[in-house]
Amino acid sequence: MGAEVFVYSRGGKTRALAAQAAQELRAPLREVREAKPRSLPGTLIRGAVASRRGDDVPLEPVPAPQAAFVLLACPVWAGLPAAPMQSFVRGCKLQGKTVFGVMTSGGGNAKAVAALTALIKAAGGACAGVIDVAGGGLNALKADAAFAAFLKDGSA
């Protein structure tokens, strides 16, 4: 298996982008889900706090990444990667894997990019890049040179 895409999306916007990326990579799409899904108010309040504090949140079982190339996609909550994706990455062993991160937000967020990069590296992954597409969708992602290289290598 060349690549896998793992996505956390509460509302569907990030999932749609990840599905498009999975299609480009010819890769399976794997959903990271909270054991107890949050309501919108729960996301805005408790989810944001969990993201800021780096709290681990209970997740439904999801297969560990097996492919050499792994794409992680999640929204930005309170200026950081969404808590469920943080929990997923902390629980992964990414040694020997090339990992690219994609985040969706209302605006570019360098702090969130740095945080996801650090999580990937702490899990042992070789971070090929992290981008906050800031509403630009697949076009913004495909315009990123690091993602273009990841796409070329991961879909081979």
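Contact means heavy atoms within 4.5 Å. Helices (H or I, at least four residues) and strands (E, at least two) are DSSP runs, numbered from the N terminus. The model shown in these views is predicted: local features need pLDDT of at least 70, side-chain atom pairs count only at pLDDT 80 or more, and totals for chains, interfaces and linings use all residues. Residues are numbered from 1 along each chain as its sequence is written, and side-chain values use heavy atoms, with hydrogens and water left out.

**View 1**
Helix H2 (40-53) has 14 residues and reaches 19 Å from its first C-alpha to its last. That span is close to the 20 Å expected at 1.5 Å a residue, where the expected span is 1.5 Å times one less than the number of residues. A kink of about 30° in H2 is centred on Gly47; the bend at a residue is the angle between axes fitted to the seven residues ending there and the seven starting there. Gly47 is also one of the buried residues of H2, with Gly42, Thr43, Ala48, Ala50 and Ser51. Buried means under 20% relative accessible area, exposed over 50%, and partly exposed in between (1.4 Å probe, protein chains only). The cover over the buried residues of H2 includes S3, S4 and H3. After H2 comes Gly54, with a positive phi near 75°.

**View 1. Helix H3 and the residues around Ser87.**
Helix H3 (residues 83-90) is mostly covered, with seven of its eight residues buried. These are Ala83, Pro84, Met85, Gln86, Ser87, Phe88 and Val89. They pack against strand S1 (3-7), H2, S3, S4 and helix H4 (110-122). What does Ser87 touch, not counting residues up to four places away in sequence? Its contacts are Asp55, Asp56, Val57 and Leu59. Ser87 has a relative accessible area of 8%, which means that it counts as buried.

**View 2. The largest pocket.**
The largest pocket has a volume of about 290 Å³. On a 1 Å grid over the protein atoms alone, a cavity is a set of points where a 1.4 Å probe fits but cannot get out, while a pocket is an open set with protein on both sides within 12 Å along at least five of seven lines; lining residues have an atom within 4 Å of a point. Grid points are joined across faces, edges and corners, and a volume is the space filled by probe spheres set on the points. Of the 16 lining residues, Arg10, Thr43, Pro75, Val76 and Trp77 lie nearest the centre of the largest pocket. H1, H2 and S3 each supply at least two residues of this lining, and H2 gives the largest share, four residues. By class, the lining of the largest pocket holds seven nonpolar, seven polar and two charged residues. Ala, Val, Leu, Ile, Met, Phe, Trp, Tyr, Cys and Pro count as nonpolar, Asp, Glu, Lys and Arg as charged, and the others, Gly among them, as polar.

**View 3. The second largest pocket and Glu60.**
The second largest pocket holds about 170 Å³ of space. Its lining is made up of Tyr8, Ser9, Arg10, Arg15, Glu31, Val32, Arg33, Glu34, Pro37, Arg38 and Glu60. Three of these lining residues are nonpolar, one is polar and seven are charged. Glu60 is found in the loop between H2 and S3 and is partly exposed, with a relative accessible area of 34%. Leaving out residues up to four places away in sequence, Glu60 touches Arg33, Glu34 and Ala35. Glu60 and Lys36 are 24 residues apart in sequence, and 8.4 Å separates their C-alpha atoms.

**View 4. Gln66 in the loop between H2 and S3.**
Gln66 is found in the loop between H2 and S3. With a relative accessible area of 57%, Gln66 is exposed. Apart from neighbours within four places in sequence, Gln66 is in contact with Glu4 and Lys97.

Most residues other than glycine have a negative phi. Arg26, in the loop between helix H1 (13-25) and strand S2 (29-31), has a positive phi near 55°. Arg26 is exposed, with a relative accessible area of 66%. Ala78 has a positive phi of about 55° as well and lies in the loop between strand S3 (69-77) and strand S4 (80-81). At 37% relative accessibility, Ala78 is partly exposed.
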